[in-house]
Amino acid sequence: MSVTALDTTASLGVQSLILSRGGRVLVRDLTFSLKPGEALVLTGPNGTGKTTLLRAIAGLVRPDAGSITAAPLAYLGHGDALKSAETVMQAMSFAARLHGAGDGRAALEVMGLSALVFRTCGQLSAGQKRRLALARMTLDPHARLWLLDEPAAPLDAEGKALLAALVADFRASGGMVIAATHADLGWSDVRTLEMGVSEAGT
Amino acid sequence: MSAFAAVFVREWRLAAAGGGGPAGPAAFMLAALALVPLAIGPDPDILRAAAPGVIAFAALLASLQGAERLFGDDLSDGTLELYALSPVSLTALSVIKAGAYVSAVLWPAPLIGFVAAMAYGMDGPSAGALSLGLVLALPGLALVSGFAGALAAGVKRSGLLIALIAAPLQVPLLVFVAGAGRAALEGTGLAGANLMLAGAFSLAALALAPFGMAAALRGRLE
């Protein structure tokens, strides 16, 4: 990977990044960049810093050194950030109002949740919650970079296929995706960064 | 609808519905105020004299009841990350949380305070002054509780930590609210000053606490 001149509105650049957690250095001198339409999958054993790297790119964790230049992004962490008292529709229309984008029905349909709009989030299965969280994430119209932490962990085969289609669409429109995962996501044309093996990124 | 309004509407709805809404703190305050006379005896003069302090104290404790839930669940389920990356800043979120806490959860406190004051034998105007004091103090109580809740979010046994952080900071409100009720009761003419000080403390908390809450939340997210 080479660091190219960065267009801050459309790409991601990570330069000489050092990240540590609890006194242990997880990422040492990592440099990579991502161009519109590209996807990067982070793999590697537990505890090697996949989540920390995603959180650092999102701006939630301060790096020890190095710089990150990221396009406007949407982040989906381990948690689905759903409230059990809210209905699916309430959760979606809140996110839509937050980002000033439609009412979210189309995104629910894409993830196969149209029949569940009046269920409360507490009544959903883990896979349905994940689908809802993914649908909600697509509502941010400004996001050019999706950061996904184990996006497919609770998803069934159909859910994984829907996620793959969602990601392919987003990339086709110039979006970038970084996902940390143990599962095979079945995405085409992705770069892989194996964490916890080499000192530097490829 | 702006992002700020969208978050407020959602937080208000979640606060009003989730965890029993106003029922928990209201029940706590009612129970405390119903039990105190059993503990200190039926002498009407003692009860009337104790009323302002006891009622202000019960309201303070009630305001701590829901503080654990203000940010704790949001931190564990990922909602806080969502907000941190949303168009609404964590400082604005802190104002929203405290505002929703007052208007959806703590609002019965002045009403309960008024009824309790009458039941303890205070006259109408004094009970009104005490109740007004609670109205003016509620934003301050909520902001201080929220500050403690933000510092303790995600910490084991955060309830203990919240009580230890918030209680000392809420002392001025306790003094001014009880002072307003007592001054009105004794006719010292200082009720107005106490009410203004209670309101001033709430305004000061509004100016300072949200920044402290945002800093605490940012630290909890790292």
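B:Val9 counts as partly exposed, at 36% relative accessibility, where buried means under 20% relative accessible area, exposed over 50%, and partly exposed in between, with a 1.4 Å probe and protein chains only. The model is a predicted one, in which local features need pLDDT of at least 70 and side-chain atom pairs count only at pLDDT 80 or more, while totals for chains, interfaces and linings use all residues. Residues are numbered from 1 along each chain as its sequence is written, chains are lettered from A and ligands numbered from 1 in the order in which they are written, and side-chain values use heavy atoms, with hydrogens and water left out.

B:Val9 belongs to helix H1 of chain B, residues 3–17; helices (H or I, at least four residues) and strands (E, at least two) are DSSP runs, numbered from the N terminus. Between B:Val9 and B:Ala59 there are 50 residues in sequence and 25 Å in space, taken from C-alpha to C-alpha.

Chain B as a whole has 11 helices and zero strands. Its radius of gyration is 18 Å, close to the 17 Å that the globule rule gives for 222 residues, so chain B is as compact as a globular protein of that length; the radius is taken over C-alpha atoms, and the rule is 2.2 Å times the number of residues to the power 0.38. The C-alpha trace of chain B spans about 55 × 30 × 30 Å along its principal axes, and 50% of the 222 residues count as buried. Of the contacts in chain B between residues at least 6 apart in sequence, 80% join residues at least 24 apart, a contact being heavy atoms within 4.5 Å.

Where does chain B meet chain A? The contact draws 22 residues from chain B and 21 residues from chain A. About 2000 Å² is buried between the two chains, and carbon and sulfur atoms give 58% of that area; buried area here is the accessible area (1.4 Å probe) that two parts lose on being put together, summed over both. On the side of chain B, the residues that lose the most area to chain A are B:Arg10, B:Leu85 and B:Glu222, which together make up 31% of what that side buries.

A:Glu86 lies in the loop between S5 and H2 of chain A and is buried, with a relative accessible area of 1%.

The loop between strand S5 (73–76) and helix H2 (88–99) of chain A also holds A:Ala81, which has a positive phi of about 55 degrees although it is not a glycine. A:Ala81 is buried, with a relative accessible area of 3%. A:Glu150 likewise is not a glycine and has a positive phi, of about 45 degrees; its place is in the loop between strand S6 (145–149) and helix H5 (157–172) of chain A, and A:Glu150 is buried at a relative accessible area of 15%.

Elsewhere in chain A, helix H1 (residues 50–58) has eight of its nine residues buried, so this helix is largely enclosed by the rest of the structure. Among the buried residues of H1(A) are A:Lys50 and A:Arg55, together with A:Leu53, A:Leu54 and A:Ile57. H1(A) is followed by A:Gly59, whose phi is positive, near 90 degrees.
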